[in-house]
2 protein chains.
Amino acid sequence: LLDALHRLGYPVVAAHLDHGLRTESAAEAQAVQQFAARLGAPCVVERQAVANYAAAEGLSIEEAARVLRYRFLFAAAEGCQAQAVAVGHNADDQVETVMMHFLRGAGLSGLRGMAYYSRPNTWSQARPLVRPLLGIWRDEILAYCTERGLQPAFDQSNQDTTFLRNRLRQDLIPALEAEHPGLRQRVWRMAEVLAGDYGLVEQVVEAAWEACQTSTGPGWVRFQRQELAAQPEAVQRHLLRRAVGYLRPGRRDFGFEAVARAQEALARPGRAGVSDVMGGLCVRVEAQQAWLATWEADLPLGWPQAPVGEPLPLAIPGEVQLGEGWVLQAERRPLESAAYDNADPFQAWLDAEAVTQPLVVRTRRPSERFAPLGMDGKTVKLAEFMLNQKLPRRARARWPLVCAGAAPAWLPGYRLDWAFRLTQATRQVVYLALRRK
Amino acid sequence: LLDALHRLGYPVVAAHLDHGLRTESAAEAQAVQQFAARLGAPCVVERQAVANYAAAEGLSIEEAARVLRYRFLFAAAEGCQAQAVAVGHNADDQVETVMMHFLRGAGLSGLRGMAYYSRPNTWSQARPLVRPLLGIWRDEILAYCTERGLQPAFDQSNQDTTFLRNRLRQDLIPALEAEHPGLRQRVWRMAEVLAGDYGLVEQVVEAAWEACQTSTGPGWVRFQRQELAAQPEAVQRHLLRRAVGYLRPGRRDFGFEAVARAQEALARPGRAGVSDVMGGLCVRVEAQQAWLATWEADLPLGWPQAPVGEPLPLAIPGEVQLGEGWVLQAERRPLESAAYDNADPFQAWLDAEAVTQPLVVRTRRPSERFAPLGMDGKTVKLAEFMLNQKLPRRARARWPLVCAGAAPAWLPGYRLDWAFRLTQATRQVVYLALRRK
């Protein structure tokens with residue numbers, strides 16, 4: 001790859017990570033440096049303790065090496081402002097990759113194999129990962145090396161058949177090819193076709209992501225719950241995988257069971273709840289919202305919040321800020337504007353004569369009661385009413401309550417108090433609305 | 001399957017096709033009849049010469065048996081107005097199917113395996129094909145048979161390892177499962193996930209089919225060529241496969257190369273042409289249209305056609321029918337309505353003073369010339385002009401020409417004659433339009 005790119009006139013920088021796993025690795029790193037020097041190409045070499053990292057992160061040696069290697073390559077590319085990171089995967093590697101994904105029952109994103117060009121990729125939003133040799137077979141590359149008098153370094157660990165990839169390379173794929181001539185070629189092409197199909201699926205998923213996902217933050221992705229639940233199962237699976245990819249970049253163990261657990265948590269009707277999914281991630285369901293988040297994430301509320309201490313006075317007309325962009329607004333309006341059959345719980349029309357001033361906004365008091373409209377003046381405990389209305393637990397304590405003097409008048413988002421309802425005798429109305437900017 | 005459905009209370013009809021391939025097949029057919037009689041279920045048995053059909057159609061024995069078997073089952077279901085056709089594929093069959101598709105490098109539609117429920121399917125638009133046992137493993141079915149005292153007939157040809165499926169069943173899958181425990185389970189689930197993704201791809205393809213395909217007939221599917229060419233390659237591939245599925249139901253050999261040939265024919269710019277694709281199908285490109293069709297299909301023209309004999313008189317105002325829904329219309333219009341920079345070649349404004357009556361519509365005469373607007377009155381042969389304009393060969397002979405008396409005045413869809421152009425001196429206009437209803 002280095003030789004070919006150099007000959008094609010690309011200003012290449014060689015980058016080599018010494019994984020420190022084999023005794024000869026330092027000598028190999030030196031050989032890379034010498035070869036780069038012969039071409040007059042700058043060379044970045046680093047040594048990292050892959051085995052330690054694997055132990056610390058609970059990853060296999062191969063997986064740990066992969067993560068560290070790509071991080072190193074992209075950091076090196078950043079260091080010299082390279083146009084792209086080019087890696088040497090060839091057509092045989094592609095077939096092995098597809099085969100490995102097949103054996104572990106991977107989905108389309110695995111079976112499509114690697115791509116000639118990936119941007120964005122797991123390691124960078126801006127810098128592409130390219131694989132110029134992806135369509136060239138290993139034999140062709142070895143023939144090129146012979147022709148050019150290049151001595152490739154053979155990694156002895158490639159003989160180690162405790163690694164699945166090596167077993168595939170040495171045993172399974174040659175055996176299958178012998179019995180099904182042309183197999184490698186067919187699998188390679190299949191990957192290309194599946195990559196095209198994956199692109200179509202991504203189109204659908206991208207649109208669904210825009211429709212379902214409402215925001216992301218450190219350690220969390222928030223979805224509109226109904227919207228997510230309404231998606232086909234296959235789309236939900238991709239959205240969850242995408243959210244995991246955002247929260248745990250590079251992790252590839254979000255399997256069938258984990259997806260099924262997350263889907264089950266989302267589908268469970270009624271009560272809010274938290275369900276473990278995998279790798280320190282959970283699904284949290286709260287009213288209209290669903291989160292995929294780390295257990296320790298500090299989730300934004302997304303709800304209005306009344307102040308904990310002194311009630312906030314609300315002038316008529318006037319407005320108060322209730323956090324997270326929520327604004328509560330009051331004004332006097334003509335009687336004709338009143339909706340007797342108001343269907344939006346985030347606005348209310350009150351009989352102005354019942355409204356003793358000043359209006360205030362505060363949290364509910366212990367054991368406080370109110371008379372929800374529609375129950376003929378019967379009162380219930382606010383705490384119980386909130387619970388029955390499935391107001392999420394985290395939202396209850398500081399949910400705003402509008403009071404006229406001491407009396408609860410309106411629980412925004414839920415119900416007007418019976419005493420403030422419009423009647424045939426109403427002559428003037430006070431209009432209240434809670435809106436998010 | 002028969003025993004279980006019967007016990008679950010379904011009013012089953014047994015149907016068995018004797019493929020006539022093994023000496024014991026007649027005895028097996030009899031055993032099926034006896035078993036059905038014991039359950040009190042009606043039974044339809046037929047014998048068909050699979051080997052003859054395979055030879056006649058150039059199909060493998062297995063493929064021929066599959067086609068005849070499904071045709072027989074759906075005919076039998078039609079005969080007794082059955083609600084569905086149920087077949088006995090089990091979870092092991094599913095894994096084998098996916099494996100076979102993988103080895104032949106099939107796309108998503110193969111890797112997703114078989115479905116629990118298919119409607120429409122290759123054999124019927126209305127009657128579903130169901131596979132109630134698709135999630136049950138072969139061992140579980142054998143255990144059920146033992147428990148119920150049922151003696152399944154073992155097909156001796158299942159031992160014949162010249163058939164790929166049998167080799168997979170006996171050798172490859174057990175070997176892979178031994179080395180990768182849980183493989184069968186994972187492949188089964190992978191198929192389920194891929195089926196979900198295939199559904200998403202189908203959504204995209206369905207929308208593209210509606211946008212690109214303009215009509216179908218016996219032996220042909222017509223596409224709007226630009227629309228088809230503008231689709232992503234992966235979508236084009238699915239549209240072509242769908243068209244092949246329509247023209248050659250049940251054929252499964254529309255491979256990568258055939259798709260590539262068809263895509264190449266569609267992408268080729270300029271001249272019209274016909275390209276062989278596979279199995280007696282060709283791609284035919286003509287101006288705005290592209291066809292996937294059998295070589296012998298009688299393709300509809302889709303163009304306006306002038307009468308072969310006497311010219312058609314066209315009154316002002318008035319209109320004439322030119323076939324395939326095309327209507328040519330003439331009227332006198334105020335000068336202000338004229339477009340001096342007309343961009344639509346299917347309408348024209350003529351200087352009324354130049355228009356000698358009557359207007360007629362006819363085909364071009366041998367060696368006839370006209371003076372296309374934009375060439376300063378220079379004349380060209382109509383035949384050459386049509387060729388240069390890439391008017392499809394099949395359309396040229398009867399393409400309508402509007403003449404004022406003997407003089408060509410307008411070639412609809414292409415150019416006005418210079419003598420009839422609007423000038424500063426024009427006082428009145430004749431408006432002509434060719435439209436498809």
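**Reading burial, salt bridges and a nonpolar core**

Mentor: Let us begin with A:Arg237, which is buried at a relative accessible area of 10%. Buried means under 20% relative accessible area, exposed over 50%, and partly exposed in between (1.4 Å probe, protein chains only). This is a predicted model, in which local features need pLDDT of at least 70 and side-chain atom pairs count only at pLDDT 80 or more, while totals for chains, interfaces and linings use all residues. Residues are numbered from 1 along each chain as its sequence is written, chains are lettered from A and ligands numbered from 1 in the order in which they are written, and side-chain values use heavy atoms, with hydrogens and water left out.

Trainee: With which side chain does A:Arg237 meet in a salt bridge?

Mentor: A salt bridge is a side-chain nitrogen of Lys or Arg within 4 Å of a carboxyl oxygen of Asp or Glu. Here the partner of A:Arg237 is A:Glu233, at 3.9 Å from N to O. The two are separated by about one helical turn because they stand 4 residues apart in helix H11 (residues 233–247) of chain A. Helices (H or I, at least four residues) and strands (E, at least two) are DSSP runs, numbered from the N terminus. A:Glu233 is exposed, with a relative accessible area of 53%.

Trainee: How many salt bridges does a search of the whole structure find?

Mentor: Over all chains, the search finds 44. One of the pairs is B:Asp92 with B:Arg184, whose closest N and O atoms are 2.5 Å apart. B:Asp92 lies in helix H5 (residues 91–103) and B:Arg184 in helix H9 (residues 183–212) of chain B, so this pair ties together parts 92 residues apart in sequence. B:Asp92 is buried at 7%, whereas B:Arg184 is partly exposed at 26%.

Trainee: Where in chain B do B:Arg435 and B:Asp344 lie?

Mentor: Their side chains meet in a salt bridge of 3.5 Å, N to O. B:Arg435 belongs to strand S21 (residues 429–436), and B:Asp344 to the loop between strand S13 (326–333) and strand S14 (347–351), 91 residues apart.

Trainee: Which residues touch the most other members of the largest nonpolar core?

Mentor: A nonpolar core is a set of buried Ala, Val, Leu, Ile, Met, Phe, Trp, Tyr and Cys residues joined through side-chain atoms within 4.5 Å. The largest has 102 residues, and those touching the most other members include A:Phe223 and B:Phe223. Contact means heavy atoms within 4.5 Å. Leaving aside residues up to four places away in sequence, A:Phe223 touches several residues, among them A:Trp209, A:Leu228, A:Leu239 and A:Gln288.
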